[in-house]
Structure formats: structure tokens, C-alpha cells
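Welcome! Let's take a friendly look around this protein together, one topic at a time.

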Amino acid sequence: MANAILEFGANEHAAFVRSALAGDERIRASMDDVTIASWQRCHVRYGLDPDKAPEPVVVARGDLLERQERSRRLLEIARHEMTNLYQQLAGSGHAIMLTDSDGILLNYIGDPLFTDTAARVGFQTGAVWNEAVQGTNAMGTCLVEQKPLVIHKSAHYFKRNALLTCAAAPILDPHGNVLAILDASSEAQLAQQHTMVLLNMSAQMIENRVFFCALKDAYVFRCHSRAEFIGTLGEGLIAFTPDGLILAANRSAIFQMALETPQQLVGQRIDELFTIALPMLLKRAHSQGHPAFPIHETQSERRFFAKVQPPENVSPPARAPMPRPAANPTVAACTDRYSPFAALHFGDPKMRRNLEIIEKVLDRDIPCMLFGETGVGKDVFARAMHQASARRDKPFVALNCASLPESLIESELFGYKAGAFTGASREGSRGKIVQADGGTLFLDEIGDMPIHLQARLLRVLEDRTVVPLGGDKAIPVSIQLISATHRDVRALIAEGKFREDLYYRIHGISLVIPPLRERADRRELILKVAQEEARSDVPLEWAPAALDRLVNYTWPGNLRQLRNVLRAVTALCEDNRISLRDIPEELRYAARVQEPSEFAASATFNVLDFAERDALLRALEGTHWNVSLVAKNLRLSRNTLYRRMKRYGISPAR
Ligand SMILES: Nc1ncnc2c1ncn2[C@@H]1O[C@H](COP(=O)(O)OP(=O)(O)OP(=O)(O)O)[C@@H](O)[C@H]1O
């Protein structure tokens with residue numbers, strides 16, 4: 001049963017919770033079982049009084065860093081999905097959070113619209129959000145229940161949290177234990193079904209990626225009762241050794257086999273579970289691109305389709321060599337169907353021009369800088385450059401300078417000798433620069449690199465050698481450097497936050513990746529990405545109004561947002577047909593892109609103008625284009641706001 005939505009003063013809220021605890025049937029009937037069970041735990045097990053919310057608890061910085069380090073791989077995997085989810089919900093005042101299995105907040109991405117509330121309730125990294133400290137709340141209660149749930153407003157145990165609507169989903173490790181909780185919280189009046197769907201998909205995506213990462217040395221049997229679902233979020237995954245012993249299974253595999261936990265499968269033989277001999281299974285794993293094959297479960301005789309993936313470090317049989325581009329490839333070569341650049345654009349003039357420039361600099365050891373708003377595809381572009389270069393058989397190594405605590409960037413980048421500092425691993429670490437030797441180093445968000453490390457990076461680029469922390473020997477390196485940022489580096493230089501000499505050293509050539517709303521090939525990109533996200537060869541059918549709506553949307557989160565919206569749209573649509581009602585509401589009623597805009601055509605706009613335009617668009621979309629409200633929030637007169645909208649080519653929704 002769904003909880004009743006009630007608004008109370010502080011004392012009334014506590015009285016309401018206490019009455020329910022005392023057995024008031026009327027109140028209990030208005031709340032769902034999960035909430036009532038949690039309230040009882042808070043009262044009986046944790047001895048919490050709904051009248052007396054304890055001060056928020058935050059673990060010591062050292063403890064937090066240790067926890068973040070312990071969960072480093074998980075955080076790397078989750079960061080991408082959290083950013084995706086954040087972009088997807090952009091403008092709706094959400095915070096996206098990840099806790100560890102003790103309920104300690106390890107990562108937080110918050111909408112500026114939500115900052116004050118977040119501070120008030122204590123959403124910050126290191127904060128403890130288990131039930132024992134915060135009473136009933138989505139993250140803490142999800143840790144106990146181990147299933148996706150929403151804690152809405154007055155269902156929170158303490159009044160302090162009752163202004164929130166929070167959705168949480170568990171992320172399980174390959175053995176079925178809770179590894180983390182993913183949460184999306186806001187002050188929304190209604191619990192949005194759409195938010196819950198996206199949150200669950202993100203949690204499942206993280207879970208499956210953790211599975212592959214943790215079991216990269218194992219064979220993975222991928223199965224589903226329908227062939228077209230293999231490779232999607234819903235596929236079953238069962239990891240096994242070369243001897244056929246099952247090591248782990250994901251949630252979907254357990255569900256499809258009608259079991260309760262992965263432990264019921266662990267230790268069994270895969271060739272006894274399914275009707276196939278082990279040598280045949282291993283042979284299929286190594287035959288490249290094999291189609292899904294039908295297979296039966298031995299006991300129930302239920303039919304599945306399956307594919308098998310070999311361990312990451314087992315080299316596949318000799319492959320046909322990739323066609324190598326000419327030493328100085330032409331644009332035609334860059335855009336033919338074999339080229340890594342082929343999928344980057346469908347005729348957009350700015351992207352075409354970018355590739356013409358790349359043609360001239362590729363393989364000439366010129367450092368390249370990519371500018372562009374978040375989600376425009378800078379990482380994808382950098383990878384394509386690497387693939388098109390003569391370095392493509394060597395590593396492509398990426399480091400996001402904004403995603404790591406300052407203390408870790410130095411050791412991550414430059415490496416360290418064994419025992420170089422407290423907590424250093426016994427083997428030491430080579431560091432990203434040495435790992436990228438011979439290949440490409442991609443430094444994302446370089447504008448966030450701490451200033452004292454900038455001097456060290458400059459020395460590496462000048463000397464072409466690197467000295468690991470605690471070491472005294474310089475290691476020679478040859479790297480192609482690509483950096484990216486969405487920040488105004490010139491402004492950072494003016495503020496003394498970025499070294500000018502480094503700036504000139506890293507931007508031999510600079511390219512601006514255009515935002516999606518300014519791309520002439522939006523329609524083609526939407527069709528391509530939708531078909532990829534549908535994960536089916538059956539062509540999607542589009543209602544013209546639905547496609548037009550997406551083509552004309554302003555896409556503040558760019559290609560990342562586009563991919564996420566299309567992931568949800570293609571998952572929710574019926575029979576591969578996309579109609580207007582499959583398009584999320586906030587897109588349906590948002591403003592349309594004005595093109596060609598005075599803004600796009602003008603060469604006089606700088607990065608700050610772009611940032612202001614973006615902020616205006618977000619603010620307008622966040623209020624469903626309520627110009628008066630935005631003017632009030634931004635402390636501008638309506639006329640000033642209209643003037644700025646005109647300047648930036650923003651026109652209200654029709
Ligand atoms: N040409 C493209 N076609 C389809 N999808 C793309 C393309 N380029 C990027 N994307 C998608 O957009 C998302 C974001 O891409 P990417 O990480 O490269 O952006 P970014 O500019 O580096 O973002 P950030 O600045 O936030 O790091 C990814 O999910 C990627 O799949």
C-alpha cells in the first residue's frame with residue numbers, strides 16, 4: 001500500500017509516528033509495511049525517539065578516504081552512471097548519492113537547486129545515513145530491505161528529513177551481498193515513477209559492470225529466455241572457471257532460474273546445469289561474434305538463449321588485422337565506415353571541420369585540447385583519435401582529474417615506489433603516465449588538476465620522463481596527450497588556479513565539440529542512438545511528433561542526456577513503436593531550440609557566455625519555463641531575463 005502524503009509540524013510528525021508505534025490502526029493502515037517495519041526497528045532496535053533527531057554524524061576524513069579507496073573501483077564504475085542519472089534528472093532539483101554497505105555517503109552529485117536542502121539535512125560525503133543514525137530513510141532502509149524502495153515525505157522517522165522524497169536501490173556484489181546503495185533524493189511533491197525506473201536501471205547497470213570487473217578472469221555465460229535480451233540490462237550472468245565450476249551469478253540469472261541466492265548455484269557445474277558439454281561451451285566462447293544459441297536447463301528443461309564470453313586476459317585466436325589508416329589519413333578515410341570517426345557525426349559542419357583539423361595533426365605528437373559542455377562526447381572523441389592513430393595498438397589511458405580526491409591524483413598519475421607513503425601498496429604502482437607509454441593519455445577535466453601537480457605534469461611533458469613518488473630514477477615515456485575540460489581555462493589562469501605555461505604546453509591544437517542543440521545532424525544522431533539503445537535489429541517506428549520533440553529539445557546534458565533519455569524511452573515503449581507519450585514530460589513541455597540562432601552564429605560569445613546560457617536554460621527547464629519564477633530566483637527583472645534569453649537565442653516553449 002502506498003503511504004498517505006501528510007504535512008506536519010515537528011511535534012505533530014513525532015506524535016504521528018508514536019501513535020503508529022503504539023498500534024493506532026488508522027495510521028498504520030495509511031502507511032506501507034516497509035515503513036511501519038522500519039519505524040519499529042528505529043524504536044525497538046536502535047532506541048530512537050521520533051522527537052529527538054540526533055545531530056547528523058559524519059565520519060572522520062581519514063576514515064572516509066580509506067572507505068573511498070577501498071571502494072575505488074566501484075566509485076569509478078558508479079561515477080559514470082551517477083553522472084548519467086544526474087543529467088537525466090537535470091533541472092528537477094535532485095541529488096544523486098552512493099553509500100557503502102555501512103550507509104556512509106561516498107559520492108554525492110547535487111543539483112544547485114537542491115544545495116540548501118542538502119546542507120540542512122546533512123547530505124555530504126562522509127555522512128552516515130543508516131537507520132541507526134538517521135531513522136527511516138531511503139538509503140538506510142534500503143540497506144536493511146535490500147530491495148528498491150521510495151521513502152516519501154512523512155514516512156521518514158524524523159521530521160528533519162520529512163521534506164524529502166527519496167528513492168534508493170541496492171547494488172549487489174556477484175555473491176548477492178549488498179555492496180552499495182544508489183539514491184536519488186529531491187523535494188518533489190510526488191514520488192516519480194520515471195525517477196524510480198531510471199534509478200533501478202542505473203543500479204543494475206553498475207551491478208552488471210561490477211560483475212564483469214570482479215570476474216574478468218572467469219568465463220561468463222550470458223543468458224535470457226529471449227535471444228534479443230542478451231546484452232541488455234536484463235540478461236542473466238553466470239561466471240565459471242575453465243573447469244566448469246560456477247563462481248557467481250547476477251540477480252537476473254537467479255531470478256530466471258527461480259532461485260533465491262547465487263549461493264544455490266556456486267560450486268555447481270555449468271555443464272550439469274545446462275544441456276551442453278564443457279568443451280563445446282569453451283569453443284563457443286572463443287569463436288568471435290557467435291550468435292546466441294538455444295540451450296535447455298537440465299532439470300526444468302526450460303529453454304534459454306546464451307552467449308559465452310571468455311576471460312579478459314585470455315587472448316582470442318589470431319584476428320584479421322584492422323585496416324590501418326594511411327600515415328597521413330584523409331578526411332575521407334576518417335569518415336569511411338571503417339574509421340573510428342565514422343560514428344562521431346552525420347554531416348554536422350563543425351564536427352566535419354574538427355575532423356579536418358585532426359587529419360592534419362594526427363601522429364605528429366601535438367598535444368590536443370578538447371573543449372565542450374559536459375556530455376558532448378569529448379571522451380568518445382579522444383578514444384576515436386587514439387583508434388585512428390598509429391598508437392592504437394598501445395594503451396589508451398584516461399584519468400578524470402575531477403573524480404579523485406587531490407591526495408590520490410598524484411599517485412594515480414605519476415605512480416609510486418613500494419612503501420612511498422602510508423597505505424602505499426607493497427608492489428608500488430606504475431601510474432597512468434607510464435601505463436600510457438607508447439599510447440595516449442587522456443586527462444579529462446584538466447581544469448580541476450591541483451596547481452602543485454600542474455608543475456610536475458609540465459616537467460613530465462618537457463622532459464618526456466616521469467619520476468614516481470618516492471623514486472629517484474626517471475622513466476622515459478612517449479605519450480600522445482589529449483586533455484579536456486568544460487571550464488574556462490583562461491579565467492582559471494586569471495584567478496591563479498591554472499598555470500599559463502602548462503596551458504600553452506597542452507593546447508597545441510584545440511577543438512570545440514559542439515553542444516547537441518547546435519548540431520545540424522541531431523535527427524540522425526537521435527535515430528542512431530535510439531536504435532543502439534533498443535538493442536534490437538528490429539527498426540524502431542517513430543511517431544513524427546515524438547521525433548520532432550526530441551530534435552527540437554535543447555538537451556542541456558547533450559549526448560549523455562540523449563542516450564539516457566533514449567534508454568528509458570526504448571525500454572518503456574511498446575512493440576518498438578515510439579509515440580509522443582513515451583517522451584518524458586519535462587521534454588515534452590520544454591522550450592524548443594531556436595535555429596540558426598543569433599547566438600550560434602555569433603563569434604563574439606566566450607566560454608562564460610556559453611556557461612550563462614546553459615545556466616539560464618537549466619533554470620528555465622527546471623521551472624517548466626516559468627519566466628517569472630526564474631527571474632525571481634535569479635534576482636533579475638523579467639525584462640532583463642527576456643533580454644538575456646533573446647541575446648542567447650532562447651525562446652519559450654510553445
Ligand atoms: N558520437 C556519439 N554518438 C553516440 N553517443 C555518443 C557520442 N559521443 C558521446 N556519446 C555518448 O554520450 C555520453 C557522454 O560522452 P562522453 O563521456 O564522451 O562526454 P564528455 O564530453 O567527455 O563528458 P564529460 O565532460 O561529462 O566528461 C556517453 O554515454 C557516450 O556514449
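Which residues of the largest nonpolar core touch the most other members? They are Ala138, Ala168, Leu182, Phe221, Ile238, Ala239 and Phe240, in a core of 81 residues. Keep in mind that this is a predicted model, where local features need pLDDT of at least 70, side-chain atom pairs count only at pLDDT 80 or more, and totals for chains, interfaces and linings use all residues. Residues are numbered from 1 along each chain as its sequence is written.

**The cores**
- A nonpolar core is a set of buried Ala, Val, Leu, Ile, Met, Phe, Trp, Tyr and Cys residues joined through C-beta atoms within 7 Å.
- Buried means that 20 or more other C-beta atoms lie within 10 Å of a residue's own, exposed means 12 or fewer, and partly exposed is in between, with C-beta atoms placed from the backbone.
- In the 81-residue core, the largest share, 8 residues, comes from helix H9 (residues 193–214); helices are DSSP runs (H or I) of at least four residues, numbered from the N terminus.
- Domain 1 (61–212) and domain 2 (215–309) both contribute residues, so this core lies between them; the bounds come from an automatic or database domain assignment.
- Another core lies apart from it, with 57 residues including Ile409 and Leu550.

**Around the ligand**
- The ligand is surrounded by 16 residues, the closest being Gly377, Lys378, Asp379, Leu559 and Arg560; a residue counts as near if its C-beta atom, placed from the backbone, lies within 6 Å.
- Helix H15 (378–388) and helix H23 (558–572) each supply at least two residues of this shell.
- Domain 3 (331–512) and domain 4 (516–588) each give the shell at least three residues.
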